[in-house]
Amino acid sequence: MSKIIEPLRGVHDVLPAQIAAWQHLERITRQVFASYGYEEFRVPVIEQTQLFKRSIGDFTDIVEKEMFSFVDQGEDHITLRPEATAGIVRAVISNGLLRDGRLRVWCMGPMFRRERPQAGRYRQFHQVDAEAFGFEGPDIDAEMILLSARLLKLLGLRGVSLKVNSLGTPASRAVYRDKLTAYFTAHAESLDEDSKRRLTGNPLRILDSKNPDMQRLIAAAPLLIESLDAESREHFESLCAQLRGAGVEYHVEPHLVRGLDYYTRTVFEWTTDQLGSQSTVCAGGRYDGLVAQLGGVDTPGIGWAMGQERIVMLLEKQNLEFSKRRPQLYLVLVGEQTGIPGLQLAEQLRDAWPDLSLQINLGGGSFKTQFKRADKSGAEFALVLGDDEAARGVVAVKALRREMAQEECPVERISERIGNLLGLKKGGERNHG
Ligand code: ATP
Ligand code: MG
């Protein structure tokens with residue numbers, strides 16, 4: 001026997017037994033975005049490496065050490081997307097979607113970062129992502145946050161909290177950056193290696209350090225909010241007033257910065273205390289300069305991304321139950337001559353009821369074996385077609401989970417009978433996914 005091939009480090013399979021939570025998340029995601037009038041956008045998983053270098057910033061964890069980058073046979077420099085915003089901004093520009101000046105979109109899919117794998121931190125993970133372009137005022141900031149709040153609420157999650165902050169404009173940030181550089185330079189002996197490197201590259205990123213030894217120094221650092229320009233302050237206060245008006249609880253976290261360089265003004269994060277150190281489940285902010293930085297017409301933007309693995313972990317932790325999709329019918333086929341009539345019967349039922357889930361017994365087996373399989377499938381009813389039934393043009397219907405005498409039904413009336421028994425609707429209505 002040849003050696004089995006292991007999965008790569010930090011990637012995971014979603015097994016059929018785990019799919020219910022994922023489908024719940026995907027279904028609610030679609031529903032919530034539709035309810036805010038956002039359209040789905042699908043962009044490539046591979047992009048030119050340059051795109052991420054130019055947008056995310058050189059002194060970020062992602063660009064410094066987490067990107068899966070390679071040169072392909074045609075010698076293109078390619079990177080597996082580590083996040084969705086850069087690709088969406090690229091796509092919005094390359095497809096000329098900003099001609100109307102405004103756009104609200106979302107996407108969902110896999111992202112890739114070469115980080116140290118641990119619970120809640122993978123090398124291939126998935127994000128739900130929201131982006132809006134062309135909105136200057138804080139009303140979109142509020143809408144984006146409300147949307148994420150509603151999504152978390154409809155998912156049924158408890159114990160998540162919202163932190164907000166403002167990073168100001170590039171100009172006010174430059175003022176703050178100088179203050180911060182002075183502060184950290186004065187305490188250079190207490191900085192860890194990463195922070196020393198960031199001190200010259202991007203001192204704001206020191207605030208995002210996860211090193212526990214750095215936290216005291218960070219806590220005493222000057223506050224960004226004190227360096228805010230008047231307009232950014234007004235923008236931030238208006239956002240906070242809207243959040244209060246909509247009844248969304250939040251905390252202003254003066255040292256909240258984001259791991260990516262492109263953010264301006266509003267930044268926010270949803271965190272939970274239930275996932276250990278991988279506590280952020282959703283994060284985002286405004287990126288007013290990014291579209292221009294990537295060659296588009298200067299257009300403000302804002303977005304957020306939610307880590308789907310962390311959400312699923314929370315759903316599992318909170319023991320939320322999701323309805324499993326089971327077949328409703330299991331077709332038992334015994335006898336030599338039942339293969340083709342069995343297929344025809346199954347297709348007839350599927351034609352009649354697009355929402356019906358029916359599993360056919362494949363590969364034969366005794367009556368007893370097939371009934372065991374029918375039971376295990378979770379189906380409500382077994383339909384039984386043997387040579388005798390086929391010859392007489394009938395099907396036996398046997399309830400597997402309720403009291404009901406076994407009955408026989410003529411093939412031409414079986415669709416109607418099944419529709420009644422299962423309460424199916426013409427044209428199909430069952431919620432898929
Ligand atoms: P962290 O501080 O946890 O590294 P980040 O700032 O790098 O997060 P973002 O780039 O803002 O994360 O991504 C948004 C969300 O995507 C995160 O809040 C998290 O829920 C999820 N996420 C990020 N990286 C990973 C990963 N490697 N594995 C699983 N989920 C992730
Ligand atoms: Mg990270």
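Helix H11 is followed by Asn-319, a residue with a positive phi near 50°. The model is a predicted one, in which local features need pLDDT of at least 70 and side-chain atom pairs count only at pLDDT 80 or more, while totals for chains, interfaces and linings use all residues. Residues are numbered from 1 along each chain as its sequence is written, and side-chain values use heavy atoms, with hydrogens and water left out. Helices (H or I, at least four residues) and strands (E, at least two) are DSSP runs, numbered from the N terminus.

Helix H11 itself covers residues 308–317, and because seven of its ten residues are buried, the helix is largely enclosed by the rest of the structure. Here buried means under 20% relative accessible area, exposed means over 50%, and partly exposed lies in between (1.4 Å probe, protein chains only). The buried residues of H11 are Gln-308, Glu-309, Arg-310, Ile-311, Val-312, Leu-314 and Leu-315.

One partner of H11 is helix H1 (residues 19–35): the two axes come within 10 Å and cross at roughly 115°. Axes are lines fitted to C-alpha atoms, for helices over the stretch in contact, and angles run from 0 to 180 degrees between N-to-C directions. The crossing of H1 with H11 is right-handed; a crossing has this hand if the near helix is turned clockwise from the far one by less than a right angle, and is left-handed if anticlockwise. On the H1 side, the contact (heavy atoms within 4.5 Å) is made by Ala-21, Trp-22, His-24, Leu-25 and Glu-26, and on the H11 side by Gln-308, Glu-309, Ile-311, Val-312 and Leu-315. By class, this contact has six nonpolar, two polar and two charged residues. In this classification Ala, Val, Leu, Ile, Met, Phe, Trp, Tyr, Cys and Pro count as nonpolar, Asp, Glu, Lys and Arg as charged, and the others, Gly among them, as polar.

The crossing of H6 and H7 is left-handed. Arg-177, Thr-181, Phe-184 and Thr-185 of H6 meet Leu-199, Thr-200 and Gly-201 of H7. This contact has two nonpolar, four polar and one charged residues.

Leaving aside residues up to four places away in sequence, Leu-162 touches Ile-145, Leu-243, Val-248, Glu-249, Tyr-250, His-251, Phe-268, Glu-269 and Trp-270.

The strands come next. Strand E6 (residues 124–133) is mostly covered, with nine of its ten residues buried. Strand E5 (residues 103–112) runs antiparallel to E6 and is joined to E6 by ten bridges; two strands pair if DSSP finds at least two bridges between them. Within this pairing, Met-108 has Val-128 of E6 as its bridge partner, and Gly-109 has Gln-127 of E6. E6 is also joined to strand E11 (residues 301–307) by seven antiparallel bridges, where the bridge partner of Gln-127 is Gly-307 of E11. E5, with eight of its ten residues buried, pairs in the parallel sense with strand E1 (residues 39–40) over two bridges.

Phe-52 is located in H2 and counts as buried because its relative accessibility is 0%. Not counting residues up to four places away in sequence, Phe-52 touches Glu-47, Gly-57, Val-63, Met-67, Thr-79, Arg-81, Pro-82, Glu-83 and Ala-86.

Technical notes: Chains are lettered from A and ligands numbered from 1 in the order in which they are written.
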